[in-house]
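This report goes through helix packing, the nonpolar core and a few individual residues. The model and its sequence are shown first.

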Amino acid sequence: MSSRADFATAADGLATRVLGALGGTGDTVLVARHIDTSPDAMAAFAAVRLIGADIFTPHVLTGTLFCPEDAAAVVKSFAAFPSPGAGFTAGSDGLLTMAWRDWATAQLLAQYSTDGAHHVAAAQPEEDSALRDTADWQRWSVTMAQLAPLAIPGLDSPVHEAARGAALSLSRGVTRSVLRRDFPTAARLTRWLAWLHHEGIALPLDPVPVEEHVRLLGGESPRDSLDLAVARHLLEGDFPQDAEAART
């Protein structure tokens, strides 16, 4: 049976593959190759579910094609670890977060599956008033950090609408995370700031030096590095502007 350490190692390995493809130095066949070369198939499938929508970042941000082998591998990962579904509320612990992340993966799979033959069932969760309640910005920022894979062009949802209306709360969350040296959270929230910058929303905190600061001090793990690499692409803005452009 796979251990927690096996799952973490597999997730870091897949994140490294995505980083390579995002930087133009790695294999663009990501998911299928990750599973085929893994000594532990279940850990590899779990990694796909954990990295989720970030698997598509090279295709969204650099325009590389998403191959049918990878699409089929994503479908297999959902078969191995089914989505919890959409009928969860804020009191459902991490299940609501997982449902949102699954929805993002399903949306991008539908956009980037070039043959149209691959899809997964992951409905958008019911709208949760807690997403709009930013009064407790510390707690809200933690939730948004967990939803950082949604901070990518091509997706829109109540989560994104909440982010658009809470630039100050996100900036406070980033600042608090940096001061606490909680760099994984800082990287994820910096990604949201970069997404807001891409959306043209005025920010009370300049995300460019923040991204550089977090990268220099705490962007060492593959998953943190991936969040920061996505943030950098969003800040630079030199990428296809929609899914159709990325498929051509």
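## Packing around α3

Helices α3 and α5 are roughly perpendicular to each other, because an angle from 65 to 115 degrees counts as such and theirs is about 105 degrees. The axes of this pair are 9 Å apart, and α5 covers residues 68-80. On the α3 side, Met42, Phe45, Val48 and Arg49 take part in the contact; on the α5 side, the residues are Ala73, Val74, Lys76, Ser77, Phe78 and Ala80. The model is a predicted one.

Helix α3 also packs against α1, which spans residues 4-22. The two axes come within 8 Å and cross at roughly 60 degrees, which makes α1 oblique to α3. The crossing of α1 and α3 is right-handed. From α1, the residues in contact are Asp6, Phe7, Ala10, Ala11, Leu14 and Ala15. They meet Met42, Ala43, Ala44, Ala46, Ala47, Val48, Leu50 and Ile51 of α3.

## Packing of α1 and α12

Helix α12 is formed by residues 222-236. Its axis is 8 Å from that of α1, and the angle between the two is about 30 degrees. Angles under 35 degrees count as roughly parallel, and α1 and α12 are therefore roughly parallel to each other. Their crossing is left-handed. In this contact, α1 supplies Ala8, Ala11, Asp12, Ala15, Thr16, Val18, Leu19 and Leu22, while α12 supplies Pro222, Arg223, Ser225, Leu226, Ala229, Val230 and His233.

## Asp54

Asp54 sits in the loop that joins α3 (41-51) to α4 (57-62). Is Asp54 buried or exposed? Its relative accessible area is 6%, so Asp54 is buried. Setting aside neighbours within four places in sequence, Asp54 is in contact with Val18, Pro149, Arg191, Leu226 and Asp227. Val18 and Leu226 also take part in the contact between α1 and α12.

## The nonpolar core

The largest nonpolar core holds 76 residues, and Leu170 and Trp192 have the most contacts inside it. Helix α10, residues 183-198, gives the most to this core, with nine residues.

Which residues does Leu170 contact, apart from its neighbours within four places in sequence? They are Trp140, Met144, Ala163, Leu189, Trp192, Leu193 and Leu196.

## Loops on either side of α10

Arg181 is located in the loop between α9 (167-179) and α10. Although Arg181 is not a glycine, it has a positive phi of about 60 degrees. With a relative accessibility of 56%, Arg181 counts as exposed, since the cut-off for exposed is over 50%.

Leu203 belongs to the loop between α10 and α11 (207-218). The relative accessible area of Leu203 is 23%, so this residue is partly exposed. Leaving out neighbours within four places in sequence, Leu203 touches Ala167, Leu193, Leu196 and His197.

## Val178

Val178 is part of helix α9. Its relative accessible area is 19%, so Val178 is buried, the limit being under 20%. Not counting residues up to four places away in sequence, Val178 touches Ala186, His213 and Val214. Val178 and Val214 are 36 residues apart along the chain, and their C-alpha atoms are separated by 7.4 Å.

## Ser157

The loop between α7 (137-146) and α8 (158-164) contains Ser157. Ser157 is buried, because its relative accessible area is 8% and the limit for buried is under 20%. Its side chain makes a polar contact with the side chain of His160, at 2.8 Å. With neighbours within four places in sequence left aside, Ser157 is in contact with Trp100, Trp103, Gln124 and Leu150.

Definitions and conventions
Residues numbered from 1 in each chain as written. Predicted model: local features only at pLDDT ≥ 70, side-chain atom pairs only at ≥ 80, totals over all residues. Heavy atoms only, no water. Helix = DSSP H or I, 4+ residues; strand = E, 2+ residues; numbered from the N terminus. Buried < 20%, exposed > 50% of the residue type's maximum accessible area, 1.4 Å probe, protein only. Contact = heavy atoms within 4.5 Å. Core = buried A, V, L, I, M, F, W, Y, C linked by side-chain atoms within 4.5 Å. Polar contact = N/O pair within 3.5 Å; in protein donor to acceptor, adjacent residues only side chain to side chain. Axes fitted to C-alpha atoms, helices over the stretch in contact; angles between N-to-C directions. Parallel < 35°, antiparallel > 145°, perpendicular 65-115°, else oblique. Left-handed = near helix turned anticlockwise from the far one by under 90°.
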